[in-house]
Amino acid sequence: MSISLSATTANVVLNGFFEDNSFVSGVEASSADAEVFKALAAAPDASVFPHLARWYKHIASKGDAIASLKTADAPAAAAAEEEEDEDDIDLFGSDEEEDAEAERIKAERLAAYQAKKAAKGPGPAAKSMITFEIKPWEADTDLDELEKLVKAIEMDGLIWGQRGQKIPIAYGICKLQINATVEDAKVSTDDLTDQIMEFEDFVQSVDIAAFMKL
């Protein structure tokens with residue numbers, strides 16, 4: 001997992017992310033949480049970033065154990081285990097005689113191997129969290145209505161954050177900052193940006209403020 005954000009932007013992004021998630025990846029604390037924890041310069045202000053502060057306090061409570069948190073998803077290890085399983089299964093037996101009994105044993109072993117492989121199922125889908133910054137045309141643009149329109153966009157593998165934020169720019173104009181979690185294989189960032197730009201009466205431009213692999 002790689003992070004390259006300013007401290008303020010990181011806190012905003014992470015606070016939005018932990019509003020909907022307990023940990024960086026998976027259902028328990030992992031090395032991904034440890035990496036994000038170490039990247040934060042100090043404990044976040046709970047009055048400004050309550051969700052991030054809750055997560056930070058939980059990870060901090062682990063003390064020295066933070067360094068030993070295991071990896072949440074280890075596809076390489078799973079692949080190695082699968083390869084080892086394949087090596088352990090002798091599909092063709094050691095009997096060179098091609099008789100009916102040898103064929104039966106081969107069929108049984110092959111069926112057992114296929115059943116074991118199917119039981120493992122597919123690995124976890126790769127996901128990313130994206131922070132969009134949407135700039136309106138005018139100061140009086142209804143950002144609440146714009147947020148409703150954006151969140152009405154539906155794609156397989158797309159989940160919008162619960163609440164967007166209005167960030168002042170200048171001359172009374174605010175931009176809308178909104179988070180989305182996407183499955184990389186299913187959602188194209190360019191397609192999603194194009195759909196937001198289709199609300200041309202509201203939207204002047206769309207920028208990606210942060211992109212974080214989960």
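A search of the whole structure, a predicted model, finds four aromatic pairs, where rings of Phe, Tyr and Trp (its six-membered ring) pair if their centres lie within 6.5 Å. The protein has seven helices and five strands, taken as DSSP runs numbered from the N terminus (helices H or I, at least four residues; strands E, at least two).

**Aromatic residues**
- Phe-17 and Phe-18 form an edge-to-face pair, with 5.2 Å centre to centre and 75° between the planes; edge-to-face applies to planes over 60 degrees apart, stacked to those under 30, and tilted to the rest.
- Ring pairs join Phe-17, Phe-18 and Trp-55 in a cluster.
- Both Phe-17 and Phe-18 are buried, meaning under 20% relative accessible area with a 1.4 Å probe, protein chains only.

**Helices α2 and α3**
- The axes of α2 (residues 31-39) and α3 (residues 50-60) come within 11 Å and cross at roughly 110°; the axes are lines fitted to C-alpha atoms over the stretch in contact, with angles from 0 to 180 degrees between N-to-C directions.
- Asp-33, Val-36 and Phe-37 of α2 meet Trp-55, Tyr-56, Ile-59 and Ala-60 of α3, contact being heavy atoms within 4.5 Å.

**Whole protein**
- Along the sequence, the pattern is α-α-α-α-α-β-α-β-β-β-α-β.
- Of the 214 residues, 33% are buried.

**Basis of the values**
- Residues are numbered from 1 along each chain as its sequence is written, and side-chain values use heavy atoms, without hydrogens and water.
- Local features need pLDDT of at least 70 and side-chain atom pairs count only at pLDDT 80 or more, while totals for chains, interfaces and linings use all residues.

How values were computed: Buried < 20%, exposed > 50% of the residue type's maximum accessible area, 1.4 Å probe, protein only.
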